Amino acid sequence: MCNRIFRGFLTPLLLSVTAAGFICGCATNPVTGTPDIVFMTEATEISIGSRNDAEVRKQYGVYDNPELQSYVQRVGQMLAAQSHRPGLTYHFTVLDTPEVNAFALPGGYIYITRGILAYLNSEAELSAVLGHEIGHVTARHAVRQYTAASTTGFVGTFIGIATGIPVTQDLFNTLGNAMLSGYGRDHELESDRLGSEYLARAGYDPQAMIKVIGVLKNQEEFEKKRAAAENRPPRIYHGVFASHPSADTRLQEVVAQADKFKTLSEPKLARGDYLANIEKLSFGDSDKNGVRHGNHFYHRDANFTLDFPEGWMLENDARAVRAVSRDKQAILQVEIDELKKDIILAVYLNNRMQVSSLEQSGPLSGVAWLSYTGVAPSSPYFGQRKTRAAAIDYNDRRLFFQGTTKEPGSFDTIDPAFLATIRSLHALTDKEKRIANGQHVHVIQVRSDMTFASLAKTSPLSENSESILRLINDKFPDGEPQTGELIKIIQ
């Protein structure tokens, strides 16, 4: 039947796909037991996951907490053993990013961010997120997405940063960005159904799926409002739910189907175990990658700080810190590179900018360290845009700056702001070192005099502290802590 469906109109495509290592044919869906038309063998699926695993780890960074990594791996493997593809070798990794997300690569590579862990409140809720992602793997959603995209010619997308300026080629350009942003309503519901089944089989209450989606829906609604106020895209997990799960009949129906798989009369919650494992979890920026605070950036390990223009939005990840003007017309990026004393700064900067020489080039005035700067007619990062480039040898690091504007005619107006930020480089003061250590989750037992309003007053969270405390404790929008219970605060 597969041959009849595809014969004739996809021959050129199949030739190119087969040459790339993919095969068109029918494969039995591990979940339904019915044939699927796919362009990918299981071996190729696993190979894609394996190859891109290193890229995911490089882009996001792996959270440096072996005990937490082991805990998530143990919970994930317990769920995977109950899945429709127990023969796969599954890999579970906590990524070092404050993004609220979890996703799966083909072939059993599953990732959960430390950012989402701060919002979960039990092992059952952790299992619900991991079970959902296992469901994407067992139902081969990435493979099916690839096949559907190939038949319409839309294979590959680019992921952009908050400004809309592309920062890196999509790691998953053969599969699209579904792994990061969701597969669509039907596939997401299927993963909820499968994840709920795996929860029940592993001894958890499948209703934990409803519970965790409610927590994440609250986070989504709050994040959308905050993002609108900050003029940036929201950072949300699989934002495909139009309503709260308490009002989502289809979601409740698919989760309820898992009740028949329950193995315990009193399902596990393991709230205490979960809270113990996330004690001192990094919240917000990682001290390893640098911490944003207002319009300032503090890097503990490299011992420096930078002051960006007031009102600019800062984005930070394992590769770079970026500042984007509020009107999204200008961007300044800073990377920390290895200090290569055998390559002089002028040559280094020309090589990074891919030019033979820079205009207006020379040392930076007002900078105590060895430095070099200039203007390039274009940038390998930003394209055909006039770009301020600079490099500073700071202690044992080399800092590399690039700044440009969306409209070429506005560069000369914005360039002084780029230079002011570059010249603001200085070593951390004692007060700044405390900020550079970052913020962490701390579990406490509630006293009778505690409210979220009182806790917010002593919180290092600069904005929306009361709402955030309620969100991470599943008390949003107006719940209060109960005397004697364990809750999370941020220190």
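A search of the whole structure turns up three cavities of 30 Å³ or more. A cavity here is a set of points, on a 1 Å grid over the protein atoms alone, where a 1.4 Å probe fits but cannot get out, and lining residues have an atom within 4 Å of a point. Grid points are joined across faces, edges and corners, and a volume is the space filled by probe spheres set on the points. The model is a predicted one, so to speak of local features takes pLDDT of at least 70 and side-chain atom pairs count only at pLDDT 80 or more, while totals for chains, interfaces and linings use all residues. Residues are numbered from 1 along each chain as its sequence is written, and side-chain values use heavy atoms, with hydrogens and water left out.

The second largest cavity comes in at about 50 Å³. Its lining includes Glu45, Pro106, Arg140 and Tyr183. By class, the lining has six nonpolar, two polar and two charged residues (Ala, Val, Leu, Ile, Met, Phe, Trp, Tyr, Cys and Pro are nonpolar; Asp, Glu, Lys and Arg charged; the others, Gly among them, polar). At least two lining residues each come from β4 (102-105), α6 (123-138) and α7 (141-152); helices (H or I, at least four residues) and strands (E, at least two) are DSSP runs numbered from the N terminus.

β4 also belongs to an open, mixed sheet with the order β3-β5-β4, where strands pair if DSSP finds at least two bridges between them. β3 (91-95) and β4 are the edge strands, each pairing on one side only. From one strand to the next the twist averages 20°. β3 runs parallel to β5 (residues 109-113) over five bridges, with leucine 95 partnered by threonine 113. Helix α6 lies across β3, β4 and β5, at about 145° to β5; axes are lines fitted to C-alpha atoms, for helices over the stretch in contact (heavy atoms within 4.5 Å), and angles run from 0 to 180 degrees between N-to-C directions.

Another open sheet has three strands in the order β8-β19-β20, paired antiparallel. β8 (282-283) and β20 (486-490) sit at the edges with a single partner strand each, so one side of each has no neighbour in the sheet. Helix α17 (residues 465-472) packs on this sheet, touching β8 and β20, and its direction makes about 140° with that of β20.

Salt bridges (a side-chain nitrogen of Lys or Arg within 4 Å of a carboxyl oxygen of Asp or Glu) number 30. One of them joins arginine 201 and glutamate 197 at 2.9 Å, N to O; both residues lie in helix α9 (residues 185-201), four residues apart, about one turn.

How values were computed
On a 1 Å grid over the protein atoms alone, a cavity is a set of points where a 1.4 Å probe fits but cannot get out, and a pocket is an open set with protein on both sides within 12 Å along at least five of seven lines; lining residues have an atom within 4 Å of a point.
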